[in-house]
Amino acid sequence: MSLTTLTDYPVVAKDVRDNFPAPLIYIGWDDHLMFCAPVCLPLPAETPFGALQAEILGGVYGAHPDFAKIDWNTVTWLKSGQPFSPNQALSLAENGLGHKDVIRFKTPGLKGIGGSRA
Amino acid sequence: MDAQVKKKKLGLKPRYQAMTRGLDWQTSYQDMDKVFPYDKYEGIKIHDWDKWEDPFRLTMDAYWKYQGEKEKKLYAVIDAFAQNSGQLGISDARYVNALKLFIQGVSPLEYCAHRGFAHAGRHFTGVGARVASQMQSIDELRHYQTQAHTISNYNKYFNGMHKSNHWFDRVWYLSVPKSFFEDAMTGGPFEFLIAVSFSFEYVLTNLLFVPFMSGAAHNGDMSTVTFGFSAQSDESRHMTLGIECIKFILEQDPANVAIVQRWIDKWFWRGYRLLSIVAMMQDYMLPKRVMSWKEAWEMYAESNGGALFKDLARYGIRPPKGWEDACEGKDHISHQAWNTFYNYNAAAPFHTWTPNAEEMEWLTEKYPDTFAKYYKPRFEYYGEQHKQGKRFYNTTLPMLCQTCQIPMVFHEPGDPGSICYRETDHQDVKYHFCSDHCKEIFTNEPEKYVQAWLPVHQIYQGNCFPEGTDPTVEGFDPLAAVLDYYEIEVGKDNFDFADSEDRKNFREWKGGVEEEVSP
């Protein structure tokens, strides 16, 4: 154990998958920092990736003036900072997304309010 | 009758020796290591505790007399402030939100410091360190009390202060200061001193106290200025303890250097992240501003800190690893922090607002390279939206850094338009961080930080609803249940200043006169 302690004591990780009703997925929208940070959502593993795009993101990011302008055909995704090509028809789990994975999307041509990346 | 022989009074130094250094003894019924179990386990080697210097040579009787006099003066000012309705003399009611932040997030740290120093004082075998820690422990308790007493006058007239202790243990952003101090208190006594006395009190405390106290003076809050002055003489003693303790530890054994360096790297960065709230207070929450966060950072950190680490180089200590990133952040963190609270003001018991035109100008001037380019457009947009009755509130919970517990709002160094994402795996679970430095703090001691009580995750685990809540009933509103659990009075403690009861009341008390407030 890397911890310097007087005696051993049981270490209980607080955020393992079993402690949540559904796996947590973190989502960020690049160049749109009006939303101050990426968000955290518990999403059932069987949620289709397409539903994330069609039903969930609007509720999260719809207040941004760029959101309605998104051309979803040009959107690209990153998972843990690496290029990621999700299959819209498959579930989050089938797309390889598990508990506490972080994904980001880029919307080409949209650079936030007044081009400020916010 | 013989003339009575007058006892010779001891000089200051021998008197100090008699009243402190004679207080330790070697235990005989029990093994010393059993009585002082925390003295060695961190790996710090002390060969001669008598080399510990006590620069102030303060004894408890002198302490009592001196502090008693100071506090008599402080309470006279507090009384006069209350009797003269001093709260009406402040610049405008937005200022009170700086005090809310102080009583919610800073004063409880004084109490934590009181506990931490009491623990350290109990567990050092060296008597000089023990006396210094005990005295500081009492200082910290006094500071908590005087702050609570000073601010209680405001609590009679303004929202956002009535449950500050309850909030400290529950509300999302207050887990940042809370976890900071609990991290320090759960280290050993030597790490605690490096964390609090050196890294926080010596290196960073001016950045906390000076902005709050000069902010109070500029904004007509004389009672807060007075507790600041009362605490200031203690602070200088605490800072001296910080510098003396690090030099003492480093001189005792060469093997101590590497351990101390790792603590400096960790605690400088943790302290710096904690100060994000001070940065935003300084740049956004003072109607009459003192200096920008950037200017304060340049004065108190860059020039003073630079000289300090030059001085410590002879012990083999280098500047903390996060130093350059912290300096790069001076152009950004206040804006990023304010935007965060603007986003989540529905769940925070103080008010936020968009800066008015004159304030935008000041920010543009103080941050010529960054404000107009990255931050002003979003605040202008917020203002316009608010005017149309669409005040922006972010309704989705944020992703947090596992170490500092701040939402992941900080930028990739060198790229202000991108969020900095870092992650690692530990025992098949992913952990995320806002920076290389928070990640390194985690990877050095993962077992400690996997236990972190992250507010967002706790909400999703169902642990932040009032007892007896049934989240399965139809129409269950989780955010309302969380605010209920926080004991935030919705519509009074939270939301935008423009729509607040504080603003309305203050305007009435002042006969309808008000400074220019946006929108």
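Which residue in E2(B) is the bridge partner of His411(B)? Select Ile419(B): that's the partner. This is a predicted model, where local features need pLDDT of at least 70, side-chain atom pairs count only at pLDDT 80 or more, and totals for chains, interfaces and linings use all residues. Residues are numbered from 1 along each chain as its sequence is written, chains are lettered from A and ligands numbered from 1 in the order written, and side-chain values use heavy atoms, leaving out hydrogens and water.

Stay on the hairpin. Strands E1 (411-412) and E2 (415-419) of chain B run antiparallel, joined by two bridges (strands are DSSP runs of at least two E residues, helices of at least four H or I, numbered from the N terminus). Click Gly414(B) for a positive phi near 90 degrees. Four of the five residues of E2(B) are buried, so the strand is largely enclosed by the rest of the structure (buried is under 20% relative accessible area, 1.4 Å probe, protein chains only).

Next, select helix H21, residues 501-509 of chain B. Asp502(B), Arg503(B), Asn505(B) and Phe506(B) are buried there. At the N-terminal end, Ser500(B) is the cap, with a side-chain oxygen 3.1 Å from the backbone nitrogen of Arg503(B). Just past the helix, Gly511(B) has a positive phi of about 70 degrees.

Conventions
Buried < 20%, exposed > 50% of the residue type's maximum accessible area, 1.4 Å probe, protein only. Polar contact = N/O pair within 3.5 Å; in protein donor to acceptor, adjacent residues only side chain to side chain. Pairing = 2+ DSSP bridges.
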